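Please keep the structure in view while reading.

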Amino acid sequence: MTRVHDMGGRFGDGPVRPEPEDALRFAEDWHARALAVTLASGALGQWNIDRSRHAREKLAPQDYARFSYYEKWLAGLADLLVETGVLSTDDLAGAGVDGPHQLADRVLTPENVAAALARGGPADRDSAVPVRFKPGDRVRTRARAGNARVPGGHTRLPTYAQGALGTVLRVHGSHVLPDSAAHGLGEAPEPLYAVALPATALWQAPEHGGDEVVLDLWQSYLDPAP
Amino acid sequence: MVVCTLCSCYPWPLLGIPPGWYKSDAYRARAVREPRAVLAEFGVTLPETARAGLGFDGRDPLSRPARCAPGGPRAWSPMRWPRWSPATAMIGTGLPRERGAS
């Protein structure tokens, strides 16, 4: 098992409720602030995107289920700020010591926001790990989806896709391995593939036999299949 | 159709802030298992002969929405996406059309 966030294929969620195209993207004013605070905090350089995703997915299942999207962001951010020592729980409670912060010189100022967003966070890297598969190769995903090194750790192999037979569509080059980078174990870049998994390999009762899920999967999630 | 079942990640430098439904548990949980039922909730009915692909289509990246764009693929370059396409068309839960046209 992975964690509560790993909900692909789950039953019981009811209908998707599309909103009009011109609906406000921020339903509440504080949602925009939550996004801004999260981006600005990320710019302090104290964690990577994989660790910030893991901070949200390791919220207690009860909290994950009841929190709205941006509440999850803020809860994950609060945990990250304390785990990395950027703030103390006293700071978060408004009882911290005032004064210049040691990271004050890294503050993301408004005039630098657009450039920072445009730079993004590319995850493609050179890697010494040989490319094992080519387009058209048959592969099987790992039998257990969880992080292979850290119990309960971050991974991008969803549980619904574990132990499934599929076909490599494309080699994306080598990318930072989230399972490693999320836990301070190094970037460990390795080849990343687009893999087609037929619906018939994933679901007990596929909605349509010809449909498929295409997942981006790291090489260590895959074994050769006959 | 594009979905992130794990964290609702979304290409916002390209498409902006995602619609609320994209981040909902219902979309994350169901889009991979019953894409046709989810599409029907957007008013899109796929013919039996169409293949529903979930996630990134590695065989035809980025050009997929362009194939059925107004004016045909030639009229449609990535630079014009924001004008031509509502988010639903880029995510794959709607068909491309000029923004504002019905």
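**Helix packing in chain A**

Helix H2 (residues 49-57) of chain A packs against helix H4 (residues 69-83) of chain A at an angle of about 115°, and their axes lie 8 Å apart; axes are lines fitted to C-alpha atoms, for helices over the stretch in contact, with angles from 0 to 180 degrees between N-to-C directions. Helices (H or I, at least four residues) and strands (E, at least two) are DSSP runs, numbered from the N terminus. This is a predicted model, in which local features need pLDDT of at least 70 and side-chain atom pairs count only at pLDDT 80 or more, whereas totals for chains, interfaces and linings use all residues. Residues are numbered from 1 along each chain as its sequence is written, chains are lettered from A in the order in which they are written, and side-chain values use heavy atoms, with hydrogens and water left out.

- On the H2(A) side, Arg51(A), Ser52(A), Ala55(A) and Arg56(A) meet Lys72(A), Trp73(A), Gly76(A), Leu80(A) and Glu83(A) of H4(A), where contact means heavy atoms within 4.5 Å.
- The residues of this contact of H2(A) with H4(A) comprise three nonpolar, two polar and four charged, on a scheme that counts Ala, Val, Leu, Ile, Met, Phe, Trp, Tyr, Cys and Pro as nonpolar, Asp, Glu, Lys and Arg as charged, and the others, Gly among them, as polar.

**Interface of chain A and chain B**

- Chain A contributes 42 residues to the contact and chain B contributes 43 residues.
- About 3800 Å² is buried between chain A and chain B, with 56% of it on carbon and sulfur atoms; buried area is the accessible area (1.4 Å probe) that two parts lose on being put together, summed over both.
- The rule finds two salt bridges across the interface of chain A and chain B, each being a side-chain nitrogen of Lys or Arg within 4 Å of a carboxyl oxygen of Asp or Glu.
- One of them joins Asp211(A) to Arg36(B), with the closest N and O atoms 2.8 Å apart.
- Of the residues on the side of chain A that touches chain B, 20 are nonpolar, eight are polar and 14 are charged, and E4(A) gives the largest share, four residues.

**Overall make-up**

- Chain A holds eight helices and five strands, and its C-alpha atoms fill a box of roughly 65 × 45 × 35 Å along the principal axes.
- Over all chains, a search of the whole structure finds 11 salt bridges.
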